[in-house]
Structures are given as structure tokens and as C-alpha cells.
Amino acid sequence: EARKDAMIDISFNLGQTRLRKVQKALTAMSQNNWDKAADEFMDSKWSKQVGNRAKELTDIIRSGVY
């Protein structure tokens with residue numbers, strides 16, 4: 001549930017078109033590779049744009065807890 005909420009937040013920020021461009025993160029998530037997914041999101045342009053919020057959301061993706 002926490003990861004789902006994090007993805008809703010990211011999706012709202014990016015929009016569907018830009019979200020599809022972080023394919024490595026999405027692929028990692030589909031494989032339950034949460035560390036890689038979080039790393040890929042942090043390596044994106046989005047993380048630099050939203051700053052600390054990116055760290056908060058990727059920590060949720062990584063751990064599965066709020």
C-alpha cells in the first residue's frame with residue numbers, strides 16, 4: 001500500500017507520458033526489485049526537480065513503509 005501511494009504521488013508529479021520514460025525504474029518495480037527501482041528514480045531528472053520529496057518517496061519504494 002505504501003509503495004502504491006508513492007507511485008500515485010510520482011505519477012501525479014510526472015504525468016503518465018513522463019512516467020513511462022523512467023522505464024528502468026518501472027521494470028525494476030515489476031520485478032519487485034525495490035532498491036533498483038528507487039535508485040533509478042533517484043537517478044532521474046524528476047528527483048533533481050522535486051528535491052527532498054524524491055528522497056522521501058524513494059525511501060517508501062525501497063522499504064515499503066511510510
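**Note on the helix packing in this model**

1. Helices α1 (2-19), α2 (23-30), α4 (45-50) and α5 (52-63) are among the elements that cover the buried residues of α3. The model is a predicted one.

2. Helix α3 spans residues 34-42, and its buried residues are Ala37, Ala38, Glu40 and Phe41. Viewed along the axis of α3, these residues fall within an arc of 160°, so they line one face of the helix. Note that a glutamate, Glu40, is on the buried list.

3. Next, the pairing of α1 with α5. Their axes come within 8 Å and cross at roughly 150°. The crossing is left-handed. On the α1 side, the contact is made by Ala2, Arg3, Ala6, Met7, Asp9 and Ile10. On the α5 side, Arg53, Leu57, Ile60, Ile61, Arg62 and Ser63 take part. By type, the residues of this contact divide into 7 nonpolar, 1 polar and 4 charged.

4. The largest nonpolar core has 18 residues. Which of them have the most contacts inside it? They are Met7, Ile10, Leu19, Met29, Phe41, Trp46 and Ile61. Helices α1, α2, α3 and α5 each supply at least two residues of this core. The largest share comes from α1, with 6 residues. In soluble globular proteins, nonpolar side chains tend to be buried together.

5. Ile61 deserves a look of its own. It is among the core residues with the most contacts inside the core, and it also takes part in the contact of α5 with α1. Neighbours within four places in sequence aside, Ile61 is in contact with Arg3, Ala6, Met7, Ile10, Met29, Trp34, Ala37, Ala38 and Phe41. Of these, Ala37, Ala38 and Phe41 are buried residues of α3.

6. Arg3 lies in α1. Is Arg3 buried, partly exposed or exposed? Its relative accessibility is 22%, so it counts as partly exposed; the cut-off for buried is under 20%. Residues up to four places away in sequence not counted, Arg3 touches Trp34, Ile60, Ile61, Arg62, Ser63 and Gly64. Gly51 is 48 residues from Arg3 along the chain, and the C-alpha atoms of the two are separated by 19 Å.

7. Finally, a backbone point. Asn32 lies in the loop between α2 and α3. Its phi is positive, about 55°, although Asn32 is not a glycine. Most residues other than glycine have a negative phi. Asn32 has a relative accessible area of 52%, so it is exposed.

Technical notes
Residues numbered from 1 in each chain as written. Predicted model: local features only at pLDDT ≥ 70, side-chain atom pairs only at ≥ 80, totals over all residues. Heavy atoms only, no water. Buried < 20%, exposed > 50% of the residue type's maximum accessible area, 1.4 Å probe, protein only. Helix = DSSP H or I, 4+ residues; strand = E, 2+ residues; numbered from the N terminus. Arc of directions from axis to C-beta. Contact = heavy atoms within 4.5 Å. Axes fitted to C-alpha atoms, helices over the stretch in contact; angles between N-to-C directions. Left-handed = near helix turned anticlockwise from the far one by under 90°. Nonpolar A, V, L, I, M, F, W, Y, C, P; charged D, E, K, R; others polar. Core = buried A, V, L, I, M, F, W, Y, C linked by side-chain atoms within 4.5 Å.
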